[in-house]
Each structure stands twice: as C-alpha cells, then as structure tokens.
Amino acid sequence: MEGQYEDVRLGANKYRERQPIGTAAQTQDDKDYKEPPAAPLFEPGELSSWSFYRAGIAEFVATFLFLYITVLTVMGVVKSSHKCSTVGFQGIAWAFGGMIFALVYCTAGISGGHINPAVTFGLLLARKLSLTRTVFYMIMQCLGAICGAAVVKSFQKTQYERLGGGANTISSGYSKTSGLGAEIVGTFVLVYTVFSATDAKRNARDSHVPILAPLPIGFAVFVVHLATIPITGTGINPARSLGAALIYNKDQAWDDHWIFWVGPLIGAALAALYHQIVIRAIPFKSK
C-alpha cells in the first residue's frame with residue numbers, strides 16, 4: 001500500500017515523457033537546454049504505475065469527446081441540401097481544429113494530449129515514448145473513437161446510417177493515389193506542427209515568446225481539413241477513421257479504409273524523420 005500511495009503522490013512525474021509534450025514543454029525552469037535521453041522500448045515499471053493508466057484513460061476520454069462532437073458536426077452538414085444553411089466545410093474544419101485545441105490543452109499535462117495514433121507513432125519513432133506506452137495509447141484512442149461514434153448512433157440511429165456516420169471515403173473523381181497522398185501530406189503537416197510546437201529547445205533557447213502548443217496544433221488540423229475534406233473527408237487520424245467506419249459498418253466505409261491507416265502512419269514517420277534529422281540534426285550532433 002505504501003508503494004501505491006507513493007505512486008499516486010508522484011503521479012505523472014514518475015514516468016513522464018522523455019521530452020515534455022504539449023503545455024508541459026513551456027514550463028522549463030532550466031534555460032540551458034539538454035537533450036533528453038531516448039525512451040526505452042519497454043519500461044516495465046510503467047505497467048505498475050497509476051500515472052500510466054490515467055494517461056491512457058485521458059486519451060480514451062479525449063478521443064471519445066473528439067468523435068462525438070465532430071461526427072455530429074459532419075452529419076449536420078451532410079443533412080442539409082443547402083450548405084449555406086449549415087456551418088459548411090469551414091464549420092467542420094473549425095469543429096475538428098477547435099476540439100483538438102481544447103482537448104490537447106486539457107490533457108497535455110496528463111498524457112501529452114495525442115488523441116491520434118499517428119501522433120503517438122511519430123513520437124515513438126523519435127524515441128519520446130516507450131513502445132509499451134505507444135501501444136496502450138493507440139488502443140485507448142481507438143476504443144474512445146469507437147465509443148464516441150457509437151453514442152452518436154445511439155441517439156439517432158436512422159439519421160446516422162442515412163447520413164454516412166461521418167465515415168471517411170474517397171470522393172468521386174479522385175483516385176486512391178490522390179487520397180493516399182492527401183492523407184500523407186495532411187498528417188505530415190499535423191505531426192510536424194506537433195514536434196515544432198512542443199520542442200523544448202525552441203522554447204528554451206530560440207524563442208522569447210512562450211508557445212501555447214495546443215493553438216498551432218489545432219490550427220494545423222483546421223487548415224488541413226479545409227484542404228482535404230473534398231478529397232477524403234480528411235482522416236489524418238486512424239482512430240477517428242476506425243471509430244466512424246466500425247460503427248457505420250457499410251461497404252463504402254471499408255473499401256478504402258486502409259488509406260486512412262497507411263497514409264497517416266507514413267506522414268507521421270516522415271514528419272518525425274524530418275524534424276529529428278533535418279530540423280534538429282540530432283544524429284549529427286558532436287559528442
């Protein structure tokens with residue numbers, strides 16, 4: 001019991017991110033930046049830590065709320081034959097970007113505020129997360145997305161099925177290659193923004209203006225949606241695409257579903273490599 005109380009007392013600080021993520025990156029007392037050590041692939045102590053599980057719960061709840069609000073927004077736009085009588089594509093983009101801004105702000109100090117398996121995957125490749133935490137986050141994100149879409153369907157089943165349930169599909173007139181490219185580039189923009197906005201070195205040394213990390217991240221989601229809604233409905237988040245597709249569960253939701261996993265994961269990997277190798281030049285630092 002003593003160990004349990006100690007774990008609760010330490011909370012998220014016991015097994016914290018190797019490099020502060022989200023708003024945590026803005027509170028560095030030591031301005032002389034030191035490169036944080038790489039996260040191990042497996043950290044056994046995490047599995048017995050309450051802070052590990054509460055971070056996963058935070059990811060679940062955040063992704064649940066994200067799907068609930070955004071799927072309802074998409075359905076509201078699709079429902080009307082006159083887009084001018086709804087919030088339109090711009091409103092959908094604001095709903096996605098605004099929710100990410102709010103949820104990253106709320107959960108950054110607990111889990112890092114990923115809310116997206118692609119973001120989690122990119123941080124794994126940059127060695128900022130353990131493999132254990134990465135897998136756990138991804139599972140909780142997908143479960144949260146499924147539950148969020150399921151709640152929307154439970155409220156209005158007939159309309160949910162008639163309006164497409166917010167599921168991602170390739171729009172007519174666009175090829176699978178175009179859809180895949182849109183998802184890769186869109187996710188690259190998002191994950192690159194996440195790395196830049198939460199870079200502790202930039203905050204400590206290169207900028208005199210504190211960075212409110214959730215703002216540029218949310219804005220990146222907004223502008224990517226403006227660009228790619230006409231092509232794929234904008235995935236850039238495998239959990240979001242899986243939750244909507246699984247609850248809607250029609251053939252058109254599954255025909256090109258692989259694009260909404262492969263594209264974001266490739267985009268996240270490219271963003272992680274670009275930031276670590278080109279922007280930060282970490283492999284080339286002298287000892």
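In this tour a residue is called buried under 20% relative accessible area, exposed over 50% and partly exposed in between, using a 1.4 Å probe and protein chains only. Before you start clicking, note that this is a predicted model, in which local features need pLDDT of at least 70 and side-chain atom pairs count only at pLDDT 80 or more, while totals for chains, interfaces and linings use all residues. Residues are numbered from 1 along each chain as its sequence is written, and side-chain values use heavy atoms, with hydrogens and water left out.

**The whole chain**

Start with a cartoon view. You will find twelve helices and zero strands; helices (H or I, at least four residues) and strands (E, at least two) are DSSP runs, numbered from the N terminus. Of the 287 residues in the protein, 51% are buried. Contact here means heavy atoms within 4.5 Å. Among contacts between residues at least 6 apart in sequence, 79% join residues at least 24 apart.

Now colour by pLDDT, the predictor's confidence in each residue, from 0 to 100. The average is 85, and 80% of the residues score at least 70. Select residues 5-13, where pLDDT stays under 50 and the model has twelve contacts beyond four places in sequence. Then select residues 21-31: pLDDT is below 50 there too, and this stretch has 22 contacts beyond near neighbours in sequence.

**Aromatic rings**

Next, show the aromatic side chains. Rings of Phe, Tyr and Trp (its six-membered ring) pair if their centres lie within 6.5 Å; planes under 30 degrees apart count as stacked, over 60 as edge-to-face and the rest as tilted. The structure holds eleven such pairs. Zoom in on Phe52 and Tyr53, an edge-to-face pair at 5.1 Å centre to centre with 85 degrees between the planes. Phe52 is buried, at a relative accessible area of 2%, whereas Tyr53 is partly exposed at 32%.

Move on to Tyr68 and Phe155, which are edge-to-face at 6.3 Å centre to centre and 90 degrees between the planes. This pair links distant parts of the chain, with Tyr68 in helix α2 (residues 50-79) and Phe155 in helix α5 (residues 131-155), 87 residues apart. Tyr68 counts as partly exposed because its relative accessibility is 24%, and Phe155 counts as exposed at 57%.

**Gln159**

Select Gln159 in helix α6 (residues 157-162). Gln159 is partly exposed, with 25% relative accessibility. Leaving aside neighbours within four places in sequence, Gln159 is in contact with Met75 and Lys79. The C-alpha atoms of Gln159 and Met75 are 8.3 Å apart, although 84 residues separate them along the chain.

**Helices α7 and α9**

For the last stop, select residues 176-197 and 214-232. Two packed helices are described by the angle between their axes and the distance between the axes. The axes of α7 (residues 176-197) and α9 (residues 214-232) come within 9 Å and cross at roughly 175 degrees. Axes are lines fitted to C-alpha atoms, for helices over the stretch in contact, with angles from 0 to 180 degrees between N-to-C directions. The two helices are therefore roughly antiparallel to each other (under 35 degrees is roughly parallel, over 145 roughly antiparallel, 65 to 115 roughly perpendicular and the rest oblique).

Finish on Thr193, which sits in α7 and is buried at 17% relative accessibility. Not counting residues up to four places away in sequence, Thr193 touches Pro216, Ile217 and Ala220.
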